[in-house]
Amino acid sequence: MAERFEEKYNHVRFEFIAVGTGRALKLAERGDVCAVFVHAPSLEEAYAEKGVIVGGRIFAYNYFVIVGPSSDPAGVRGAKSAAEAFSRIYRAGEGGRALFVSRGDNSGTHVRELSIWRLAGLDPHGRPWYKEAGQGMAETLVMTNEMMAYTLSDISTFLSLKKRGRLPNLEVLYSGGEELINIYSAYLVESCGGAERMYAEKFIEFVAGPEGQEIIASYGEEEFGRPLFSPAASRLQELKALWEKLAGAQG
Amino acid sequence: MIIELRGVWFAYPGSRRHVLRGVHMRVEGGRVVMIEGPNGAGKTTLLKVLALLYRPVKGVVLVDGDDYWSLDPRTQLSLRRRVVYVHERPILLRGSVLENVALGLKLRGVPGAISGALETLRAMGLEYLAERKWRELSAGEAQLVSIARAVAVQPELLLLDEPMAHLDEDRRELLVEILRELKSRGVGIVVASHWPQDELLRIGIDRVVRVVGGEVRAL
Amino acid sequence: MNIVEEVLEITLRSLVVSGTATLLASAWSLPLAYILAKPGRLRSLMASILEALVGIPTVLLGLALYMLFSRSGILGFLHLLYTVRAIVVGQAILITPLIAVTACRVLKSARESFEEMALALGADDLQAMAIALREALPGITSSVVMGFSRAVGELGIALMLGGNIRGTTRVLTTAIALSVSMGEYELALYLGGILVAISVLVSLTVRLLKGVQGL
């Protein structure tokens, strides 16, 4: 999208820093960045309330996936909800039949994972089968594959690693549903000013507008056979409602 | 004790340059030999071959008539213990002067090494240095200590490499006295020096030998 | 477990892991250094190669070992991955060139001067070697301490082979990396401070011991 945007406004240059949502928002707080693209509504709500970020626009969504070994010792495949899937994993963990790897790094995925445990009324912290890796999504998936464990992942990282043959032991065992919806929003950082702010605003507008949405709709199709994200435009109201729900659910 | 070099050639391992070329030389007890020559000419190497430390690549080293390098290790060791070489730059161990001077005696398993060392220091008028630590010594003091260490084992041949290098006038006097005394007791002395030899002459030099480009010429 | 307890746990783990790695590395590096201290073209070549490996990026070594220890790797059956044992092995390998090369230099110089001096004074080969080794001891100790510092401060290996798992393989460096990635810079700085303090303390302790021993 930056490429397309730069075509239009060729005196603008983008520099992207790829970090977890928690850190992205911290960077915003310190004024080190001008705009953030994040996906953890509860954290976003907290920072928006503080006035650190403004002008939020939901621009895409997809679903988190629960991945695990093909043998599925916990029986996640048969679960009726994400919370139930986690309950099954918990029981299997206690019974010594399964392991779960958590990102443990305050990223969007991590925040969601914690909320699902809460939904299920369980606290896995400190349990021997619950491994808090403190690493990025790719490393976490690799570790999960190595340990033949379960984890929560975003679909794009999983698919790209799977495609490269790095996750031979893992499969998507459960996905979809409200609990696993992953909403991406873009915000302007309040402390950003001048020409930078103007173009940041334009870019966010671009991403949420028809051109950006079109790019999103087909992104990843060629490489993975299916688009990795869905454009938000067509379901905006619904997504906004879901966002509110997730934001209120305490990160 | 007599050490004789016949047709000795020496090159360092891995080097093709011969540092010593066809050297004939003889040193014996009670005689003082001076080796002079420019830096890099091979004086130190020559001393080390005489000290039975370096093995020639060609030629023979005779000790009292025997080919040293074809003797068994035990015999080599006992012969080598009668010859002491003192490095140009004093190499002292961590510890006190007394401990250093006693080293040679300790290596030979001589009982009472410490008192023997003290004796030597006294005889050389250096007992005031006995308790000093190795790094508290000046260059001149360190040099005298390393010479005292050699003298303490009562060698039959003493090989000194630039012994005057760090010594001031008084100490040079002292060294001359010590060497004169040793000569009169029948110790063979070989000194390598590129310094003016005036003081050394007072020891009574029996022969001067010049080393140039690895070759030795008697003068 | 509160934050202070957790920091203590992580610190202790760092010390034990890197300490063990240093002992392990010294066990094979010091004899290697001794062998390499003798003259010879082949030995010289080996020393040069080791010298080049001193600065190997930890991530690179971590990756290579990861591929070995992974389930699909040759040593996968050992189940070393994501345990502290893997970090110990990885760090030991990492600091081997450092310890070997620096100890070798010390030994070489010690042998050249002290060994020859001892021989000239009438020592036999064994006595001369013992003297050279004893004189080289302070330098060798420094070598080992340097190895420890490198091990305790490295990130790539601990991360790739340990996985930064809370409660089992999290060490100071990986905890710092995590804090940074979460934007918790203050915590990262505190942990960093502990790391530096450890290195300094170890160095000072060794210095003290050397002084006491008259080294």
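I take helices as DSSP runs of at least four residues (H or I) and strands as runs of at least two (E), numbered from the N terminus. The model I am reading is predicted.

**Entry: chain C overall**

I started with chain C. By that rule I get eight helices and zero strands. From the N terminus on, the elements read α-α-α-α-α-α-α-α. I then looked at the dimensions. The C-alpha trace of chain C spans about 65 × 45 × 25 Å along its principal axes. Of its 215 residues, 47% count as buried. I also checked how far apart in sequence the contacts reach. Taking contacts in chain C between residues at least 6 apart, I find that 73% join residues at least 24 apart.

**Entry: helix 3 against helix 4, chain C**

Next I looked up one helix pair. I note that two packed helices are described by the angle between their axes and the distance between the axes. Here the pair is helix 3 (residues 58–69) and helix 4 (residues 84–120) of chain C. Their axes come within 10 Å and cross at roughly 130 degrees. Helix 3 of chain C and helix 4 of chain C are therefore oblique to each other. I log the crossing of helix 3 of chain C past helix 4 of chain C as right-handed.

Which residues make the contact? From helix 3 of chain C I list Thr58(C), Leu61(C), Gly62(C), Leu65(C) and Phe69(C). From helix 4 of chain C I list Ala86(C), Gly90(C), Ile93(C) and Leu94(C). By class, the residues of this contact are six nonpolar, three polar and no charged.

**Entry: Ala175(C)**

Ala175(C) sits in helix 7 (residues 172–181) of chain C. Is Ala175(C) buried or exposed? Ala175(C) counts as buried, because I find 26 C-beta neighbours inside 10 Å and the cut-off is 20 or more. Leaving out residues up to four places away in sequence, Ala175(C) touches Ile10(C), Arg170(C) and Leu191(C). I also took the distance to Gln91(C). The C-alpha atoms of Ala175(C) and Gln91(C) are separated by 17 Å, and the two residues are 84 apart along the chain.

**Entry: chain C against chain B**

I turned to the interfaces. In this one, 17 residues of chain C are in contact with 19 residues of chain B. On the chain C side, helix 4 and helix 5 (125–152) each supply at least two residues. Helix 4 of chain C gives the largest share, six residues. The chain C side divides into nine nonpolar, four polar and four charged residues.

**Entry: chain A against chain C**

Here 17 residues of chain A are in contact with 14 residues of chain C. I find at least two residues of the chain A side in each of helix 2 (21–30), strand 4 (130–132) and helix 6 (137–147) of chain A. The largest share, four residues, comes from helix 2 of chain A. By class, the chain A side has five nonpolar, six polar and six charged residues.

**Entry: helix 6, chain B**

Last, I looked at helix 6 (residues 139–152) of chain B. It has 14 residues and reaches 20 Å from its first C-alpha to its last, close to the 20 Å expected. Eleven of the 14 residues are buried, so helix 6 of chain B is largely enclosed by the rest of the structure. Among the buried residues I note Leu144(B), Ile147(B) and Arg149(B). What covers the buried residues includes strand 6 (83–86), helix 5 (113–123) and helix 7 (169–184) of chain B. After helix 6 of chain B comes Gln154(B), with a positive phi near 50 degrees.

Note on methods:
Residues numbered from 1 in each chain as written. Chains lettered and ligands numbered in written order. Predicted model: local features only at pLDDT ≥ 70, side-chain atom pairs only at ≥ 80, totals over all residues. Contact = placed C-beta atoms within 7 Å. Nonpolar A, V, L, I, M, F, W, Y, C, P; charged D, E, K, R; others polar. Axes fitted to C-alpha atoms, helices over the stretch in contact; angles between N-to-C directions. Parallel < 35°, antiparallel > 145°, perpendicular 65-115°, else oblique. Left-handed = near helix turned anticlockwise from the far one by under 90°. Expected span 1.5 Å × (residues − 1). Buried ≥ 20, exposed ≤ 12 C-beta atoms within 10 Å, placed from the backbone.
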